[in-house]
Amino acid sequence: MMCFKAIIALLTIGVISAEVFFEEKFENENWKNDWIYSKHPGKEFGKFIHSAGSFFNDAEADKGIQTSQDARFYALSKRFDGFSNEAKPLVVQFSVKHEQNIDCGGGYVKLFDCSLDQTDMHGESPYEIMFGPDICGPGTKKVHVILSYKGKNHLINKDIRCKDDVYTHFYTLIIKPDNTYEVLIDNEKVESGNLEDDWDFLAPKKIKDPNASKPENWDDKATIPDPDDKKPEDWDKPQHIPDPDATKPEDWDDEMDGEWEPPMVDNPEYKGEWQPKQLDNPNYKGAWEHPEIDNPEYSPDDNLYLRKEICTLGFDLWQVKSGTIFDNVLITDDIELAAKVAASVKDTQSGEKKMKELQDDVQRKKDEEESKKNTENHDEEDDDDDDENVDSKNESEDNGHDEL
Ligand SMILES: *[C@@H]1O[C@H](CO)[C@@H](O)[C@H](O)[C@H]1NC(C)=O
Ligand SMILES: *[C@@H]1O[C@H](CO)[C@@H](O)[C@H](O)[C@H]1NC(C)=O
């Protein structure tokens with residue numbers, strides 16, 4: 001009984017102190033009123049549509065915003081009351097569904113401070129945090145965690161693999177005031193550590209002593225040639241010798257063909273260059289290690305986690321094949337709440353899988369009938385697989401201009 005009450009009390013405290021800074025579930029068409037497209041010049045940005053996609057668990061609840069045009073930049077953002085994560089955990093969470101079988105495209109969010117001009121948001125707009133999956137070909141399948149520090153963006157120096165299937169996944173970033181962090185996918189921890197170790201925000205603690213160098217008489221040879229070892233007198237033999245088995249062909253005409261010479265073959269007695277035996281070097285000192293000293297440039301920072309102001313969340317991406325659905329955006333200091341929300345992903349995924357399997361079955365039957373028909377009258381025109389071979393690229397802003 002006491003125990004139960006204690007838990008309730010704890011929960012109550014938790015609920016009271018917890019805060020949701022931003023939440024967006026894209027429940028109806030009203031999202032359009034609050035989200036702002038960038039009009040940054042030189043780019044034709046793609047449109048998001050309100051959709052649960054072509055397979056889902058719940059036709060209404062699973063609606064999010066979906067990228068709808070191939071080979072486009074997307075730049076859409078929403079502002080909220082600015083807050084700081086000072087002395088609190090910061091949880092950034094959202095769901096991504098690459099139902100189009102994405103080949104190359106971003107699936108991440110960016111968090112900005114209040115100075116962002118939303119109508120001019122673009123790839124170079126300074127941000128506080130960039131977080132989420134990014135896929136481009138087989139080479140790039142990662143979760144970005146980029147944090148700005150003193151005006152510079154720093155990538156996490158660990159490789160976190162993202163999901164590359166067609167179902168909904170929740171991505172969660174937790175940054176704590178003790179300067180530790182966690183990355184979760186579908187509520188499972190995929191990476192964690194501390195900010196100082198896993199980003200290069202600070203100069204290294206230790207450096208090689210610039211005044212130290214390897215002493216000239218430092219002997220780092222483990223072995224030396226045996227001075228008493230002598231080359232045997234009969235060592236040197238020619239590498240090639242005339243083939244002892246060769247005989248002059250019967251029709252050889254010395255006058256016409258010149259003097260006959262047997263072809264050369266490898267000499268089985270040839271032993272290569274002579275090397276003396278090696279002995280352990282009595283003066284061997286081991287490999288020289290450069291001594292390290294405290295780096296005078298290093299100064300610790302207890303506030304690596306701190307974001308003084310977060311005010312806007314943006315989708316600033318490039319996608320080759322569109323169809324990605326973003327949903328369930330949540331920014332809070334309440335780790336439990338985020339976990340509870342993300343726990344819904346199990347039902348969502350199983351509903352999606354069921355529906356997709358049915359669709360795939362129908363498609364398979366259709367394909368079978370189609371191919372039967374095709375073999376009956378096989379002079380059909382080539383089926384157009386809508387492989388447009390999109391070759392536009394998301395290179396730097398500059399060459400973006402003349403393409404458009
Ligand atoms: C282009 O976009 C892809 C997908 O987001 C990304 O992985 C890649 O780094 C981008 N390339 C450039 C040059 O920005
Ligand atoms: C290197 O030696 C010089 C001269 O002794 C000294 O002034 C300097 O502080 C030393 N540098 C380091 C990094 O120890």
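The following exercises, each with a worked solution, concern the predicted model shown above.

Residues are numbered from 1 along each chain as its sequence is written, and chains are lettered from A and ligands numbered from 1 in the order in which they are written. In this predicted model, local features need pLDDT of at least 70 and side-chain atom pairs count only at pLDDT 80 or more, whereas totals for chains, interfaces and linings use all residues; side-chain values use heavy atoms, with hydrogens and water left out.

**Exercise 1. The chain as a whole**

Task: State how many helices and strands the chain has, and what share of its residues is buried.

Solution. Step 1: the secondary structure comprises seven helices and 22 strands. Helices (H or I, at least four residues) and strands (E, at least two) are DSSP runs, numbered from the N terminus. Step 2: 37% of the 404 residues count as buried. Buried means under 20% relative accessible area, exposed over 50%, and partly exposed in between, with a 1.4 Å probe and protein chains only. Step 3: among contacts in the chain with a separation of 6 or more, 74% are between residues 24 or more positions apart. Contact means heavy atoms within 4.5 Å.

**Exercise 2. The disulfides**

Solution. Step 1: the structure holds two disulfides, a disulfide being a pair of cysteine sulfur atoms within 2.5 Å. Because Cys104 lies in strand E7 (residues 104–106) and Cys136 in strand E9, the pair ties together parts that are 32 residues apart in sequence. Cys104 is buried at 11% relative accessibility, while Cys136 is partly exposed at 36%.

Step 1: Distant parts of the chain are linked here, with Cys114 in the loop between E8 and E9 and Cys311 in strand E21 (residues 310–319), 197 residues apart. Cys114 is partly exposed at 25% relative accessibility; Cys311 is buried at 2%. Step 4: counting bonded cysteines along the chain, the pattern is 1-3, 2-4.

**Exercise 3. The annotated residues**

Task: Locate the residues that UniProt lists under "binding site", and describe the surroundings of Tyr127 and Asp134.

Solution. Step 1: the unreviewed UniProt entry lists Tyr108, Lys110, Tyr127, Asp134 and Asp316. The lining of the largest pocket includes Tyr108, Lys110, Tyr127, Asp134 and Asp316. UniProt positions are given in the numbering used here, feature names are shortened, and annotations may be inferred rather than shown by experiment. On a 1 Å grid over the protein atoms alone, where a 1.4 Å probe fits, a pocket is an open set of points with protein on both sides within 12 Å along at least five of seven lines; lining residues have an atom within 4 Å of a point.

Step 1: Tyr127 is in the loop between strand E8 (109–112) and strand E9 (129–136), and is buried at 8% relative accessibility. Leaving aside neighbours within four places in sequence, its contacts are Lys110, Leu111, Phe112, Ile146, Ser148 and Asn153.

Step 2: Asp134 belongs to strand E9 and is buried at 16% relative accessibility. Not counting residues up to four places away in sequence, Asp134 touches several residues, among them Gly105, Tyr108, His144 and Cys162. Cys162 is itself buried, at 6% relative accessibility.

**Exercise 4. Ligand 1**

Task: Determine which residues are around ligand 1, and give the distances from its oxygen atoms to Gly106, Asp134 and Asn394.

Solution. Step 1: the residues around ligand 1, with a heavy atom within 4 Å of it, are Cys104, Gly105, Gly106, Asp134, Ile135, Cys136, Trp318, Asn394 and Glu395. Step 2: the polar contacts are pairs of N or O atoms within 3.5 Å.

- A polar backbone atom of Gly106 is 3.2 Å from an oxygen atom of the ligand.
- An N or O atom in the side chain of Asp134 is 2.5 Å from an oxygen atom of the ligand.
- An N or O atom in the side chain of Asn394 is 2.3 Å from an oxygen atom of the ligand.

How values were computed:
A polar contact is a pair of N or O atoms within 3.5 Å; within protein, one must be able to donate a hydrogen and the other to accept it, and residues adjacent in sequence count only if both atoms are side-chain atoms.
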